[in-house]
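Here is my note on this model. Please read it with the coordinates open.

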Amino acid sequence: MKIIILMLLTWNHAFAKRELIARASDRDGFPARALCFFTNQTPVAIRGEWLLRYLCLDQGESAQELWRVSGQGAQLLHAVSEGRQITDPIVAGDEVYLVESDDQQALIIWQIDGSEKRAHPLREKNWRIHGGAGLGAGQLLLRATDARGEMRELLWRATGLQTLSERGVSYYFTAAASSELVVQKNRLGLSRQWDESRPDVIEVRRAPEFRPQVVLADRDADPASPYLGFWNFSVVQGSQWCVIARRAEGEVAVIGDGRTLREVPLYQHFARLDFFPPALTSDGVLVVRAERAGVHALWAIAPQGEPRELLRLGDTVVTDLGVAILQNSLFVTPLVAQGQSVALGVSLQEMGSQTHWGQGMLKILVR
């Protein structure tokens with residue numbers, strides 16, 4: 001009897017840390033219908049809710065949908081049909097923005113505030129907008145390509161687009177942002193020069209002015225730097241930010257908060273890191289996808305702590321269809337933190353059978 005009680009307590013503890021917030025498959029799903037998938041789409045956190053972008057392949061054409069998902073239910077925020085695309089949602093203050101494009105150029109910026117939606121048609125043509133970050137309420141920093149194929153920074157307000165000074169920057173890598181700061185990897189050099197040998201810097205813009213400031217540089221930019229280069233993404237959580245850098249010894253996570261920098265020597269803990277963004281919780285816990293002692297899993301590293309396993313193949317989760325096992329492909333989306341939880345997409349299989357249940361978006365409590 002004691003063994004059974006212990007098993008039940010362990011079972012319930014595992015499920016209490018993992019919550020299914022969305023599911024997708026070729027047969028059914030929620031909140032989106034069947035044949036709508038979130039593979040490689042990045043979940044976005046906003047005020048305790050999640051924004052999920054789906055690619056839908058039913059009815060003989062492709063479409064894209066953006067859903068808001070919370071514990072109180074789900075709401076379809078925007079949908080486009082074949083021939084149109086939307087960017088990942090951009091959060092600026094309490095509002096959500098989407099850029100809608102056709103195959104050639106950006107057409108509309110949608111401003112979504114709760115259940116209200118406002119269209120801002122773009123008068124400026126021939127821009128292909130790839131993504132962006134919020135610079136406070138009503139202002140966006142956008143990454144774009146012009147008609148000549150030049151990468152540029154744009155500043156958008158409701159009055160229109162402004163092309164920012166080039167500053168010698170080939171602007172390519174997506175920014176990470178919160179209401180307090182924006183962090184961006186920039187590759188210096190001539191336009192269209194993307195070689196890894198070009199100098200790389202990490203640039204931070206802090207509220208309320210959001211003026212760019214270089215906080216890290218690789219050895220190509222600064223011969224005295226200990227860093228050989230930086231991975232092509234950054235993450236932000238409130239006033240904290242994180243990038244993965246390469247030292248001669250291996251990869252390290254560089255975490256900044258105000259004027260304070262600290263390093264997590266990932267090369268000491270892991271045999272291999274997945275080339276995906278990490279996540280940073282509100283209490284400074286770093287979460288990475290990596291292999292340690294032969295186990296490929298999701299790991300949490302508290303400040304001054306050792307890696308702690310959060311999730312691996314073969315783990316279980318309660319779904320609307322029953323108990324599922326994480327199988328086939330453990331991770332199908334990048335990892336995103338909100339508060340002390342992280343969300344990511346996984347592959348689901350019915351427990352005790354070979355039936356594949358498609359994709360699940362899990363919320364995992366880290367602490």
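1. Ground rules. Two strands count as paired if DSSP finds at least two bridges between them. Strands (E, at least two residues) are DSSP runs, numbered from the N terminus. The model is predicted: local features need pLDDT of at least 70, side-chain atom pairs count only at pLDDT 80 or more, and totals for chains, interfaces and linings use all residues. Residues are numbered from 1 along each chain as its sequence is written, and side-chain values use heavy atoms, with hydrogens and water left out.

2. The sheet. Four strands form an open sheet in the order β13-β14-β15-β16, paired antiparallel. Its edges are β13 (128-134) and β16 (160-163), each pairing on one side only. From one strand to the next, the twist averages 30 degrees (axes are lines fitted to C-alpha atoms; angles run from 0 to 180 degrees between N-to-C directions). Strand β15 (residues 151-157) meets β16 over four antiparallel bridges. Leu155 sits opposite Gln162 in β16.

3. The disulfide. The whole structure holds one disulfide (cysteine sulfur atoms within 2.5 Å). It joins Cys36 to Cys56, S to S 2.1 Å. Cys36 is in strand β3 (residues 36-37) and Cys56 in strand β5 (residues 49-56), so the bond ties together parts 20 residues apart in sequence. The S-S torsion is about 110 degrees, so the disulfide is right-handed. Cys36 is buried at 0% relative accessible area (buried means under 20%, with a 1.4 Å probe and protein chains only). Cys56 is also buried, at 0%.

4. Leu286. This residue belongs to strand β28 (residues 286-292). Leu286 is buried, at 0% relative accessibility. Beyond four places in sequence, its contacts (heavy atoms within 4.5 Å) include Cys242, Val264 and Trp299. Cys242 is buried too, at 1%.

Conventions: Buried means under 20% relative accessible area, exposed over 50%, partly exposed in between (1.4 Å probe, protein chains only).
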